[in-house]
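Here is a short briefing to read alongside the model. Keep the viewer open and follow the topics in turn.

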Amino acid sequence: MYDKLVIVESPSKSKTIENYLGKDYHVTSSKGHIRDLSTSGKDGLGIDQENEYKPKYVISKDKKDVVKELKAAVKEAKTVYLATDPDREGEAISWHLADVLGLDMDADNRVVFNEVTKDAVVDALNHPRKIDQNLVKSQETRRVLDRIIGFKLSKLLQRKIKSKSAGRVQSVALRLIVEKEREIEAFVPEEYWKVKANFIKDDIDFVAELNKKGTKKVKISNEAEALEIFNALSKSFVVDSVKKTSKKRESKPPFITSTLQQEASSKLGFKARKTMMIAQKLYEGVQLEDETVGLITYMRTDSTRLSDVFVESATNYIKEKYGANYVGKVKISKKKENVQDAHEGIRPTSAMRTPESVKEHLTNDEFKLYSLIYARAIASLMAPSKFDATSLVLENNGYFFNASGSVLKFDGYLRVYSQYEKQKDEVLPEVVENEVLESQNIEKTQHFTKPPARYTEAKLIKEMEELGIGRPSTYAMIIDTIQTRGYVELVEKAFKPTESGILTSDRLTQFFNDIINVEYTAQMEKELDDIAEGEDDYFDAIDHFIKKFQPLLDEANEKMEVIAPKKTGEKCPECGHDLVERHGRYGKFVACENYPECKYIKKEKVEPEYTGETCPKCGSPMVFKTGRYGKFEACSNYPECKYIKNSRKKAEPVMTDEVCPNCGSPVVIKKGRWGEFKACSNYPKCKTIIK
């Protein structure tokens, strides 16, 4: 028997928090969500469509033992606190726990902390509140909307065009990528030319580029125009003007979820899911020498606000380490704060806990991400960097050339952030007006306009954020989904839509343009925010959507063309039906159209591709072959010789949102000889396999 039971989401967080509290407390975890919408009822949606769309929830199969343990723990406790994550999803998990465990919904039993530190946890337990039913309804509305669209659209697309799935936000993200590809395909390059002059003065090299003729901006479209200008120029240039100014560059605000994902992608090369997985570990707690402590604040946030306590301690740290002239102003967010902004930006839990001081306790990737978060938060409170900027205008026979340079005079916030934001001095020599400079050479160069760039992961996240579609906490999953569904592929670290992705997006645009578009999706996000604020209603939101969606679905069911598999012109040798091209997880293959009655698959005869090596066992040539895990090297004398070169790299595990029930590490999807399975990412220390 114990006085107080605290339920959190993650086992690793429960261990950290239990160390902070006295013997009167017992801390346990729900290991994430304990239940979800059922797949019963009409269309398997899990909602009662005749009774105001009331959701029906069921305890997840893998959580029945967890719920049993939690019920037993609740019986042993006098007081129960729900300390799930401080966002809508966390609020919903607390509500589900209260409902399943029979806790009083009107009791002050919900505790929220933005960082896993002793002071924050103890303070939160001293100020419990009621479960916020508006936040719960907002999350519930999102879940039901996603279920309706996911189930109904996916079934339609699978039946009509053999696509794998569709989603409320995922399909809009795919549309952005497809539309960008169409822009690239439609792009017609335009020729243009540049004229530059090179100079050396006082052993300083610099370049000036043609900008104007008289007062008119110069645009050179072809070589003839460039040659005409080139021939009109002499080697002597006159300094028309010299302008010197002092400039400041302000630091950026602390990270929010989306900016962290973008910077970690561009600066560290981390995928969004990897960034969030590492950030989760840093938030939940790291074992240091004498304590387990969360190193960063909660990483799912839309707010750049910093607590007064952190600002004061960080400012003192900056003053002591770098000097008073390095202290800057606190940045005030200009955007309207909403419910998602109830907590802080992503920052270290202590300014004194520098990356170097905890490096030995972190993995290499954890250290990289913590260093980035730490530097950004500290830099946001530092003074601007200062530059001396110089701009020259040089005149030559009525043509005006520009040269510019800047020299760093005070590093300011770059003192801690220069690793992520490079500053290169561009030095110009000292010159005065009317001074004559002799050019070393003048050159004309041909160029062509370039098509718009494809979306990288960072650019796609930025675009989604600016357009207001999805939420930062969902970006990683959205990007993972469109990749695993085979709708996009990475080409030079940018997303290119596949044939399947283009077809899926085109059909959704054709039949569901009223709902699968940026404006409607952004409006739906606002509606969810309004529900969280108590300004809108679950039933109205679902009802309005269904009345808009169902007629579109009915029309698509009737009019969307079924795409039949492409015939090869051959007949099946086993049953006489036509052979058709099909697509599987390992690519294109030819099979009988009469599947599943006939399961004939044509084995393609392929000329062997030799590796240039010989088999170490029998001396036969080695060849490349393709198996379920991709390309590998094997002996050409198979089956007499079964030698296979052990050169295949293990497939990278795919991260999930689940946590290991035994150690709290993230759960990953791995590939084994019997196919995919879920296991703990902390292998071999933890050998848990999830059924």
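Let's start with Tyr 298, which counts as buried because its relative accessibility is 1%; buried means under 20% relative accessible area, exposed over 50% and partly exposed in between, with a 1.4 Å probe and protein chains only. This is a predicted model, in which local features need pLDDT of at least 70 and side-chain atom pairs count only at pLDDT 80 or more, while totals for chains, interfaces and linings use all residues. Residues are numbered from 1 along each chain as its sequence is written, and side-chain values use heavy atoms, with hydrogens and water left out.

**Tyr 298 and the UniProt annotations**

- An unreviewed UniProt entry places the feature "active site" at Tyr 298; UniProt positions follow the numbering used here, feature names are shortened, and annotations may be inferred rather than shown by experiment.
- Tyr 298 sits in the loop between strand 13 (292–293) and helix 10 (308–322); helices (H or I, at least four residues) and strands (E, at least two) are DSSP runs, numbered from the N terminus.
- Not counting residues up to four places away in sequence, Tyr 298 touches Asp 85, Pro 86, Asp 87, Asn 114, Tyr 283, His 343 and Ile 346, where contact means heavy atoms within 4.5 Å.
- The unreviewed UniProt entry also gives "domain: Toprim" at residues 3–116.
- Residues 3–116 are 32% helix and 24% strand, and the end C-alpha atoms of this span lie 22 Å apart.

**The chain as a whole**

- Across the chain there are 18 helices and 29 strands.
- Taken along the principal axes, the C-alpha atoms fill a box of roughly 90 × 75 × 65 Å.
- Of the 691 residues, 47% are buried.
- Among contacts between residues at least 6 apart in sequence, 66% join residues at least 24 apart.

**Helix 8, an enclosed element**

- Helix 8 (residues 257–268) has twelve residues and reaches 16 Å from its first C-alpha to its last, close to the expected 16 Å; the expected span is 1.5 Å times one less than the number of residues.
- Ten of the twelve residues of helix 8 are buried, so this helix is largely enclosed by the rest of the structure.
- Among the buried residues of helix 8 are Thr 257, Leu 260, Glu 263 and Leu 268.
- The cover over these buried residues includes helix 9 (272–284), helix 12 (364–379), helix 13 (414–417), helix 14 (457–467) and helix 15 (472–484).

- Tyr 399 is in strand 15 (residues 399–410) and counts as buried at 6% relative accessibility.
- Leaving out residues up to four places away in sequence, Tyr 399 touches Leu 210, Lys 212, Lys 213, Ile 229, Ala 232, Leu 233 and Leu 394.
- Leu 174 belongs to helix 6 (residues 170–186) and is buried, with 2% relative accessibility.
- Beyond its neighbours within four places in sequence, Leu 174 is in contact with Ile 482, Tyr 487, Val 488, Gly 501, Thr 504 and Ser 505.

**Backbone features to look at**

- Most residues other than glycine have a negative phi, and most peptide bonds are trans.
- Asp 43 is not a glycine, yet has a positive phi of about 65 degrees; Asp 43 lies in the loop between strand 3 (35–37) and strand 4 (47–48) and is partly exposed, with a relative accessible area of 35%.
- Tyr 53 also has a positive phi, near 60 degrees; Tyr 53 is in the loop between strand 4 and strand 5 (54–55) and counts as buried at 9% relative accessibility.
- A cis peptide bond, with omega about 10 degrees, joins Tyr 595 and Pro 596, and Pro 596 lies in the loop between strand 22 (587–592) and strand 23 (609–614).
- The peptide bond from Tyr 638 to Pro 639 is cis, with omega near 10 degrees, and Pro 639 is in the loop between strand 25 (630–635) and strand 26 (654–659).
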